[in-house]
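Open your viewer and get your selection tool ready. We will walk through a few stops together.

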Amino acid sequence: MAGYQIIPFDDGAELVIVNTCTVTSATDAQSRNLIRRARRLNDSCRVVVTGCYAQVDPDALHDLPGVSLVIGNEEKQRLLDLLKSEQDSTYVEVSDIRQVESVCLPPLSSFSGRSRAFVQIQNGCDAFCSYCIIPYARGASRSAHPDEILQQIAGLVESGYQEIVLTGIHIGGYGNGLQVPLTLNALVQRVELETEVHRLRLGSIEPTELTDDLLESVASSQVICPHFHIPLQAGDDHVLQRMGRTYNRDFFADLVKKIRRALPSAAISLDVITGFPGETDQEFENTFGFIAELPITDLHVFLYSKRPGTPAATLADQIPGNISRDRAGRLRHLAAEKHRIFAESFIGQELEVVVETGTKRGLLKGISKNYLDIRFAGDASLAGQCVTLKPFSWQDDALRADLVSSPVPGLR
Ligand code: SF4
């Protein structure tokens, strides 16, 4: 690969590229630790830092020992050229990401160690929620050209991938920046009609952008997975308002009930943040009670993290970490219960799964269309294939199942 050989991180490479995340202060710290570890493993290694942390705070990375190059998200595409330019001192190249107007899909045909393939259809965001650094790190909302997306999916299907996941920062904004307007629903329909994809999954979608048309497309499709991941963030209207979110609890509750009516066995998972500045005990209780009543199947709980440069970082009344953690713990417990109840309702039913690579406690792992994690005994050669399983119990936070047939008959 351009004269480079990929080796395990712990072998102490001569060149280490750290692709950073800056969504929380914890991910910033993880990136800095990774850079230090790379230098401990090989004290003469050259470290290149890129990604969102490099984009929003290159100075914080510039001075770390061993860092020779700091490049922004858009500069990643010129990585090989930039690597050739030897500099005497640390070189920083980070352009204004808000000016970028297009999404270039990398020529991917495989994903190392993954049995499902991810296609980025969109990048950036214009919503500027008050707590979120992403619009500053990823730029304005913009979309990949539909022909490029179809071509990439066709190639991945040709390589044997049974499931394609459409990803982006704000996939409901698909169409932004395209010369010929196109919606996410229209794109999904083109993918279904014009490619041989067996399973198509949507990444996280904003509640205000999950349209009736799109819901109808999922409900009537054999290909699109009945799985919706929708950021809620808070179940209290005052907190939602302070966050800069553009819906209220009634809107959200109606949406979830509408999904449940259209797709009774769909996975519906949410994101929620605890400890947003000024979140009172009562506001948290409102969020907790709201989620407890919703017919959802899982919850990703995040602790609010103060991101310099965002409006929320300047708000008074930042919530102490122990209070945020306690609230998160209660929500995670609630999520585990809801997920278990949902998963157990499929015991005895046949489910198609894509088999992941690797084993857990000697068992293979499959992911169902409605995003259930199912463990079963089988041969490792099944990785990447679609098989049919019949769950018989719930154990260690996953369903256990028998293998019914493999591969799935009639696979397109
Ligand atoms: S939370 Fe989501 S919608 Fe809001 S600014 Fe961040 S990426 Fe955009």
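The tour below goes from a sheet to its helices and ends at the ligand.

This is a predicted model, in which local features need pLDDT of at least 70 and side-chain atom pairs count only at pLDDT 80 or more, while totals for chains, interfaces and linings use all residues. Residue numbers start from 1 along each chain as its sequence is written.

Select 117-120, which is β5, then β8 (163-167) and β9 (199-202). Helices (H or I, at least four residues) and strands (E, at least two) are DSSP runs, numbered from the N terminus. You have an open sheet of 3 strands in the order β5-β8-β9, paired in parallel; pairing requires at least two DSSP bridges. β5 and β9 are the edge strands, each pairing on one side only. Between β8 and β9 there are 4 bridges, and L166 has L202 as its bridge partner in β9.

**Helix α7.** Now pick 184-194, where L184, N185, L187, V188 and V191 are buried (20 or more other C-beta atoms within 10 Å of the residue's own, C-beta atoms being placed from the backbone). Look down the axis of α7: its buried residues fall within an arc of 160°, judged by directions from the axis to the C-beta atoms, so they line one face of the helix. They pack against α6 (146-158), β9 and α8 (212-219), with contact meaning C-beta atoms within 7 Å.

**The ligand.** Which residues are around the ligand? Select C125, A127, F128, C129, C132, I134, P135, I169, H170 and E206, using a C-beta cut-off of within 6 Å.

Technical notes: Buried ≥ 20, exposed ≤ 12 C-beta atoms within 10 Å, placed from the backbone. Contact = placed C-beta atoms within 7 Å.
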